Each structure stands twice: as C-alpha cells, then as structure tokens.
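Here's a quick tour of a few spots worth a look. Have the sequence and the model open as you read.

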Amino acid sequence: MNGFLYGIALQWKLDIRSKSLLVACYTVPLIFFLLMGGIFTSVMPEMRSTLVQSMVVMCVSMGAFIGLPPSLAETYGNGIQKVYKANGVPIYSGLVAMFLSAFAHLMAACIVIALLAPVLFEAALPAQLPVFFLALAIYITVSLSIGSILGLLVKNQAKLTMAAQFVFLPSIMLSGIMFPIDFLPDFLETAGRMFPASWGYRLMLDHGFCLENLWYLTFVFFAAVIVCGVILKNQKLK
C-alpha cells in the first residue's frame, strides 16, 4: 500500500514537470476561460448562470482527451509490462497512478475556474456546491476512463492525436457549452449525446443531478473499465 501511494505521489510530481500535461490541464483551458468567458457573458449575458459548468467541461475534456493519452501511450508503448512483471508490480499500477494524478490536476484547475468566474465575469456559482463537485468528480472520472482507452489502445502519437481530436472536438461543439444544444440539427444533437460531455454538463447544472443524467455516464465508465482491463490483460500476455 505504501508503495502504491508513493507511486501516485511520484506521478503527481512528474506530471507537474510535464509540459504537455501543464498545457492540457492548465494553460490552454485557463486561457480559453479568460478569453471566452468575457465574450460569452457579453454576447449572451444569460450564460453567466452556466459559465462555470461550461468552462469546466472544456477544461476536463482538454485534460482527459489531449493531456492523459500521450502519457499513457508513451509509458505502455515502451515495454513497461515487462518491467512491471520482472519486479512483481501489477501492470495496472501505472494506469491507476496516472489516472489519479490527472484527476487531481483537473480538479485543481476546475476549482480555479469556479473561484475566478464570479470575480472576473460576475458568473453565478452552482446553487449546491457539494452536489456540483460530486457531479464534477463523476464527469472527470468518466472522461479520464475514455482517455485511458485512447492512451492504451493507440500507440502511434500521430494517430493518437487524431483520435483524441475526434473525441475532443465533438465534446466541445455538440455538448451545449458553446451555444444552446437546441440550435443544432436533430442528427447533430443526437450525435452529441454519444459523448459524456453533454451528460456531464447537464449533470453539473443546478438541479441536474439525477438518474436521467447519470445512467449514461455510469454505463460508459464501467464499459471503459472493462475495455482497459482487456487491453492490459492482452499486453501482459505478450
């Protein structure tokens, strides 16, 4: 147990020094928040009530789909399973450590957004903060589980970038955080519901924490866990 906790702490320190994770989890999301927060609230003043949730979805999607997968691909694409096996370390240890470290970084970035939004843009904080952060934790967990699949499955960095963008861009454009989802054609609205961002956004809205918005996220998480387990098992057998 002590070794596992040490591994998580070490991964946290490594991620702090990682330029790619720093950019994906902090720099780009916070710059987007600072620039677009003012634009959104000027063009659509009513968006002040949902600005925190919208910017949080952007931050989590960027970190989970752009930041985490390259680190996983680099680690598990270099024969790490042989090192783990030789030292009696479970092959999933690296994944769990990177997952928890990325979770902590994304939660920290989202807290910064939640603290700054009311001060900079007069945005409204969620009515029930404990429920909001619970919904946020669920959304981060589900998003990172999908990012884990990308990182374990796609080893080529160029292909991984394309795959990550394929998940990231629809998550932003079709989730309802940029403009009301009712503005979209029916087929794009349906397509947007295939991505967790749409469900996570609604889950974090005031009075949005309900089974109707939770069931799909739960299904995606458990499906992602099974897929990751199969991928790691196949790697262990190589």
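## A salt bridge

E189 and R193 pair up through their side chains in a salt bridge, with 3.2 Å from N to O. The term stands for a side-chain nitrogen of Lys or Arg within 4 Å of a carboxyl oxygen of Asp or Glu. Go by that rule and the count is one salt bridge. In general, side chains of opposite charge can pair when their charged atoms come close.

How covered are the two partners? E189 is buried, at 17% relative accessible area, while R193 is partly exposed, at 28%. Here buried is under 20% relative accessible area, exposed is over 50%, and partly exposed is in between (1.4 Å probe, protein chains only).

## What the model is

This is a predicted model, so to speak of local features takes a pLDDT of at least 70, and side-chain atom pairs count only at pLDDT 80 or more, whereas totals for chains, interfaces and linings use all residues. Residues are numbered from 1 along each chain as its sequence is written, and side-chain values use heavy atoms, with hydrogens and water left out.

Helices are DSSP runs (H or I, at least four residues), numbered from the N terminus.

Buried or exposed: which is A123, and which is E122? A123 counts as buried, at 7% relative accessibility, but E122 counts as exposed, at 60%. Leaving out residues up to four places away in sequence, A123 touches R48, L51, A117 and P118, where contact means heavy atoms within 4.5 Å. The C-alpha atoms of A123 and M47 are 8.0 Å apart, though 76 residues separate the two along the chain.

Most residues other than glycine have a negative phi.

Helix 9 (residues 196-204) is mostly covered, with eight of its nine residues buried. The buried ones are P196, A197, S198, W199, G200, Y201, L203 and M204.

Then comes H207, in the loop between helix 9 and helix 10 (211-237). H207 is exposed, at 75% relative accessible area. Its phi is near 65°, a positive value in a residue other than glycine.

How values were computed
Helix = DSSP H or I, 4+ residues; strand = E, 2+ residues; numbered from the N terminus.
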